[in-house]
Amino acid sequence: MLTLNLPKVRTELAREGALVTTWRGTARLMPRQHVDLSNRAEWSIKEVHVKEGDHVAKGQTLITYENPAAEREILDIQAGLAQQQLTLVDLQDDYIEAVQNNDEIQARRSKRELESARLAIGVQERKLSAMQSEALDRKRIIAPFDGIVTQIRATPELPSGRGGPDISVASSQQGYQFEIVIPDAMGRKLRTEEKMNVQIEHEGVSVPVEGIITDIRPMTGIDGGTPPKREREGLYLRRIRVNGSL
């Protein structure tokens, strides 16, 4: 009697379902909107009001500054204006006296001098206003948007911009982005504007985030033209950028 040992086979009905592809990699999460802020070099840091990692609101004061030379210049212009105002009063008296004495020539001369003095005062007042406005703006740096302080280089009593930007802020509203390199076989299945589920390590916790693929492109070498060695050997890679919010 002939006995055949056949493999056991189990069959199931076909059904529709989602095909899930998973790729594990490491990438650095970067804010989509990030700004470096500094003042002019002649302004020195007076006080830093925040710390790295602080959440800040739009318009919140981050750093205050001082510039004694600019303050003295404003005081000098104010003193000069006060002196011009006194001179204007004398010219007005001269004009009135000339009119009362029926001295037409002196009256015309005094009137011209009076108008000239008023014009000069106007110029100085506009200059003073511009300097005061600039000084008010330069006395502090405020947060341009709701965000997180990522770095502080400002040191009290030292000039602004010494060693780089005084402070860096990342927007908490524009979300984050990362770039990761994946095999070409997977990259060909993906499309820009397609949603992607990723796991982000945030403050020691794995956070599920839904992002959107914004860019897919073949990976090239450092010189921009020659592919990496492993790509030339048959492992094709693609670089993708994903945007999302925590």
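Tutor: Let us begin with a loop residue: Asn102 lies in the loop between α1 and α2 (104–138). Please bear in mind throughout that this is a predicted model.

Student: Is Asn102 buried or exposed?

Tutor: The cut-off for exposed is over 50% relative accessible area. Asn102 counts as exposed because its relative accessibility is 71%. Its backbone also deserves attention, for Asn102 has a positive phi of about 55° although it is not a glycine.

Student: Which other residue has a positive phi although it is not a glycine?

Tutor: Glu193 is such a residue, with a phi of about 70°. Glu193 is placed in the loop between α3 (184–187) and β10 (195–202). With a relative accessibility of 59%, Glu193 counts as exposed.

Student: Let us turn to a helix. Where is Ile74 found, and what is its relative accessible area?

Tutor: Ile74 belongs to helix α1, which covers residues 68–100. Buried means under 20% relative accessible area. Ile74 has 13%, and is therefore buried.

Student: What does Ile74 touch, not counting residues up to four places away in sequence?

Tutor: Ile74 touches Leu128, Met131, Gln132 and Ala135. Ile74 and Met131 are 57 residues apart along the chain, yet 7.0 Å separates their C-alpha atoms.

Student: Which residues are in contact with Asp166, leaving aside its neighbours within four places in sequence?

Tutor: Among them are Leu37, Ile45, Ile63, Tyr65, Gln151 and Ser160.

Student: Finally, how is a sheet to be read?

Tutor: Strands of a sheet pair through backbone hydrogen bonds, in either a parallel or an antiparallel manner. In this model, 3 strands form an open sheet with antiparallel pairing, in the order β3-β5-β6. Both β3 (44–48) and β6 (140–142) stand at the edges with a single partner strand each, so one side of each has no neighbour in the sheet. On average, neighbouring strands of this sheet are turned by 25° against each other, direction ignored.

Student: Over how many bridges do β3 and strand β5 pair, and which residue in β5 is the bridge partner of Glu47?

Tutor: The antiparallel pairing of β3 with β5 (residues 61–66) runs over 4 bridges. Thr64 in β5 is the bridge partner of Glu47.

How values were computed:
Residues numbered from 1 in each chain as written. Predicted model: local features only at pLDDT ≥ 70, side-chain atom pairs only at ≥ 80, totals over all residues. Heavy atoms only, no water. Contact = heavy atoms within 4.5 Å. Helix = DSSP H or I, 4+ residues; strand = E, 2+ residues; numbered from the N terminus. Buried < 20%, exposed > 50% of the residue type's maximum accessible area, 1.4 Å probe, protein only. Pairing = 2+ DSSP bridges. Axes fitted to C-alpha atoms, helices over the stretch in contact; angles between N-to-C directions.
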